[in-house]
Amino acid sequence: MNSLFRAGKQVLQASGRAFSAAANPDRKVVVLGAAGGIGQPLSLLMKISPYVSELALYDIAGTPGVAADVGHINSKAKVKGYAGEENLGEALKGADLVIIPAGVPRKPGMTRDDLFKINAGIVKGLTKAIGEHCPGALINMISNPVNSTVPIAAETLKKLGVYNPSKLFGVTTLDVVRARTFYAEKKNLNVADVDVPVVGGHAGVTILPLFSQATPSVDLTPEEVDQLTKRTQDGGTEVVQAKAGKGSATLSMAYAGALFADACLRGLNGEANVFEYSYVESDVTELPFFSSKIKLGSEGVEEIYGLGELNDYEKAGVKAMIPELSSSIEKGIKFANEA
Ligand SMILES: NC(=O)C1=CN([C@@H]2O[C@H](COP(=O)(O)OP(=O)(O)OC[C@H]3O[C@@H](n4cnc5c(N)ncnc54)[C@H](O)[C@@H]3O)[C@@H](O)[C@H]2O)C=CC1
Ligand SMILES: O=C([O-])CC(=O)C(=O)O
């Protein structure tokens with residue numbers, strides 16, 4: 001074994017991944033939008049996940065190439081590419097988990113809500129197909145604006161009579177990944193030991209890291225808290241600006257998406273104490289959807305946790321996000337119920 005291969009293997013094992021086939025139940029995972037900037041690296045990471053035995057890669061075009069490429073990796077999952085709407089049903093059949101990174105990304109100067117016009121219709125169509133072909137599957141929604149696309153998916157599934165709130169997740173893991181990275185960097189902590197709760201939604205002020213509950217606990221000045229909070233809230237925009245017109249976060253999102261998908265699969269497999277943060281149907285606040293800590297189990301969401309004790313800065317943050325989050329949810333519900 002050469003040293004590069006050995007180093008790679010160590011990294012994969014440290015992150016809970018391994019090349020060898022583990023004794024896990026058979027699980028089919030489908031990626032919708034698999035030929036895209038997120039879709040490709042996410043498909044790679046799901047191919048080397050020990051929790052996946054079948055990987056279906058769907059996009060409107062380009063998936064045969066991605067599937068041929070990823071399929072040569074010597075890990076357990078059998079890979080198949082599906083291109084074009086006429087093959088969507090076949091791709092979805094028998095799925096345990098469907099991950100959706102389909103749709104357009106931001107360019108500098110745009111908000112996530114500016115993507116609604118195009119992505120709302122894409123998400124509605126894909127969710128309808130999920131409701132028809134694999135209504136029992138868990139859904140990991142990555143497509144933006146997540147604050148609206150999750151309500152769109154919920155309403156679409158309701159119309160088909162197959163909505164299960166425990167199985168629909170808005171993926172906010174990248175916000176947690178960023179908050180951990182920024183907090184560890186700022187305070188010179190070992191990032192592997194760091195946790196930072198992030199609650200709310202997935203856009204601007206609706207992203208609220210709770211540094212008062214971060215572990216390990218270290219002293220932060222109010223200025224440091226404000227700077228870290230704003231950097232987490234604007235993390236997506238930081239990448240959009242750095243990419244200067246060539247899209248938004250793809251690699252860190254693929255990593256975050258794979259972490260969350262693996263957690264969903266570990267929950268399905270009956271592993272105990274699988275905790276993540278996700279934007280789900282919730283009664284933690286007066287809003288019908290909210291992101292907070294959840295426990296994952298064999299049927300999806302097993303428990304939703306409250307916000308814990310908030311300081312005044314965080315209480316103000318929750319208050320400030322409510323109008324924007326509320327109107328994004330309303331917008332999604334209204335769109336899904338139009339014609
Ligand atoms: N939840 C989160 O934290 C994050 C969400 N995103 C969002 O993820 C989405 C995808 O971003 P990228 O991969 O960078 O975009 P991209 O443009 O590189 O890829 C999107 C893919 O979706 C495909 N697609 C379009 N319509 C489709 C349909 N009806 N069915 C299947 N596939 C379809 C396209 O062909 C393309 O391959 C964007 O909406 C972006 O804003 C991005 C980063 C983080
Ligand atoms: O900022 C964007 O448009 C993409 C995204 O959601 C993120 O990177 O958090």
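Guide: pLDDT is the predictor's confidence in each residue, on a scale from 0 to 100. The protein here has a mean pLDDT of 95, with 93% of its residues at 70 or more. This is a predicted model, in which local features need pLDDT of at least 70, side-chain atom pairs count only at pLDDT 80 or more, and totals for chains, interfaces and linings use all residues. Residues are numbered from 1 along each chain as its sequence is written, while chains are lettered from A and ligands numbered from 1 in the order in which they are written.

Visitor: Which side chains of strand 5 lie on one side, and which on the other?

Guide: In a regular strand the side chains alternate between the two faces of the sheet. Strands are DSSP runs (E, at least two residues) and helices likewise (H or I, at least four), numbered from the N terminus. Strand 5 (residues 138-141) has Leu138 and Asn140 on one side, Ile139 and Met141 on the other, and all are buried. Buried means that 20 or more other C-beta atoms, placed from the backbone, lie within 10 Å of the residue's own.

Visitor: In which sense do strand 4 and strand 5 pair?

Guide: Two strands pair if DSSP finds at least two bridges between them. Strand 4 (residues 97-100) and strand 5 are parallel, over four bridges; Ile100 has Met141 as its bridge partner. Strand 5 also runs parallel to strand 6 (residues 168-170), joined by three bridges, and there Asn140 stands opposite Phe169.

Methods: A residue is buried if 20 or more other C-beta atoms lie within 10 Å of its own, exposed if 12 or fewer, and partly exposed in between; C-beta atoms are placed from the backbone.
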